[in-house]
Amino acid sequence: MARERDASARPEERADGHGRDGATLTGEELVLSYPSTDEPVIDGASVSVRPGAVTALVGPNGSGKSTLLKGLADQLAPDDGSVLVDGEAIQSYGAKELARKMGLLSQESTSPDSITVEDLVYHGRYPHRGFFESVTDEDERAVDRAIDLAGCGHLRDSEVGQLSGGQKQLAWIAMVLAQETDVLLLDEPTTFLDLHHQLEVMEIVETLRQDSEITVVVVLHDIQQAARLADEMVALKDGAIHARGTPEEVVTEELLAEVFEIEAEVDPTPRGPRIEPLRPRYGGDDETRSETPVARSDGGGG
């Protein structure tokens, strides 16, 4: 499944001629918090997402990566700062207008168990229709394209309640793809999935990167997946951006020690940096408890 990184196929100059810019997405000095928190989860973070690229937000548990995504998606109103889509304040967009511009797959997606996959995907077309408008030929084409890209055509007539967790995730991805937005935000789309379905999700994002101009921001729990998938990465710790750049620039042994508190070896490969975790770090700069390597994050070593 995995394809080697090919700089010539990056958004700025793809060989297939589909290299026009996607939408710009920028968060400026964002301060984000929840009613239940005394202090901000994100405190003054700024991020600018490159149009047409895949940007991965990574960090340890509690670092604020999903909170930052919610702020960018207008799901969490900032206490301070602003979010701009194509240079316009996100609050200036109407609900349907924003839904035509930006799609979000959150961790809280739910639907009736009795709805079929096809009907679920058709819900992704709501921003493109008036209240009384019926399904158009373009709606049908968009749904067919989304189901085909998500690889869930064999599930088209199945009820969502009958699907496995991985199959449900593919159906939800198809629904958000059917929106045909300029920006796609994905919150930990591979978490809790088996390896087969993780790779299916990654392949969908890789296809979007190579064959379309859509701007993708994805939160990933697995930094190895992020290094393999993303054009650019943003690493967070304690609600602040610690590093940003290409996977080769961000995924270093120093960053893994400082942000993820592990000792690891990082080796360059054609598919991005390969990480072999060695041992956790505790407290002091050089304090560890074990000399025995743990299993590699790519599934090897044990």
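Ser66 lies in helix 1. Helices (H or I, at least four residues) and strands (E, at least two) are DSSP runs, numbered from the N terminus. The model is predicted, so local features need pLDDT of at least 70 and side-chain atom pairs count only at pLDDT 80 or more, while totals for chains, interfaces and linings use all residues. Residues are numbered from 1 along each chain as its sequence is written, and side-chain values use heavy atoms, with hydrogens and water left out.

Ser66 is buried, with a relative accessible area of 17%. Buried means under 20% relative accessible area, exposed over 50%, and partly exposed in between (1.4 Å probe, protein chains only). The side chain of Ser66 makes a polar contact of 2.8 Å with the side chain of Asp187. A polar contact is a pair of N or O atoms within 3.5 Å; within protein, one must be able to donate a hydrogen and the other to accept it, and residues adjacent in sequence count only if both atoms are side-chain atoms. Leaving aside neighbours within four places in sequence, Ser66 is in contact (heavy atoms within 4.5 Å) with Gln107, Asp187, Glu188 and Val219.

Thr67 is also placed in helix 1. Its relative accessible area is 7%, so Thr67 is buried. The side chains of Thr67 and Tyr34 are joined by a polar contact of 2.8 Å. Beyond residues up to four places away in sequence, Thr67 touches Leu32, Tyr34, Val41, Ile42 and Leu76.

Helix 1 as a whole follows this pattern. Seven of its eight residues are buried, so helix 1 is largely enclosed by the rest of the structure. The buried residues are Lys65, Ser66, Thr67, Leu68, Leu69, Gly71 and Leu72. Just after helix 1, Asp74 takes a positive phi of about 65°.

Val58 lies in strand 3 (residues 54–58). Val58 counts as buried because its relative accessibility is 1%. Not counting residues up to four places away in sequence, Val58 touches Lys65, Leu220, Ala226, Met233, Val234, Ala235, Leu236 and Phe260. Val58 and Ala227 are 169 residues apart along the chain, yet their C-alpha atoms are separated by 9.7 Å.

Leu185 is found in strand 7 (residues 183–187). At 0% relative accessibility, Leu185 counts as buried. Leaving aside neighbours within four places in sequence, the contacts of Leu185 include Leu69 and Leu72, as well as Met102, Gly103, Leu104 and Leu105. Its C-alpha atom is separated by 8.2 Å from that of Val219, 34 residues away along the chain.

Across the protein, there are nine helices and twelve strands. Of its 302 residues, 47% count as buried. Among contacts between residues at least 6 apart in sequence, 65% join residues at least 24 apart.

The largest nonpolar core has 55 residues. Such a core is a set of buried Ala, Val, Leu, Ile, Met, Phe, Trp, Tyr and Cys residues joined through side-chain atoms within 4.5 Å. Val121, Cys152, Leu184, Ile223, Met233 and Leu255 have the most contacts inside the largest core. Helix 5 (residues 165–178) gives the most to this core, with nine residues. A second, separate core of 26 residues includes Val49, Leu76, Val83 and Met102.

The second largest pocket holds about 440 Å³ of space. On a 1 Å grid over the protein atoms alone, a pocket is an open set of points where a 1.4 Å probe fits, with protein on both sides within 12 Å along at least five of seven lines; lining residues have an atom within 4 Å of a point. Grid points are joined across faces, edges and corners, and the volume is the space filled by probe spheres set on the points. This pocket is lined by 21 residues, of which Gln75, Met102, Gly103, Leu104 and Gln179 are the closest to its centre. Helix 1, helix 2 (95–101), strand 6 (102–105) and helix 5 each give two or more residues to the lining. The largest share, four residues, comes from strand 6.

Glu29, in strand 1 (residues 25–32), has a positive phi of about 50°. Glu29 counts as partly exposed at 49% relative accessibility. Phe192, in the loop between strand 7 and helix 6 (195–211), has a positive phi of about 70°. With a relative accessible area of 83%, Phe192 is exposed.
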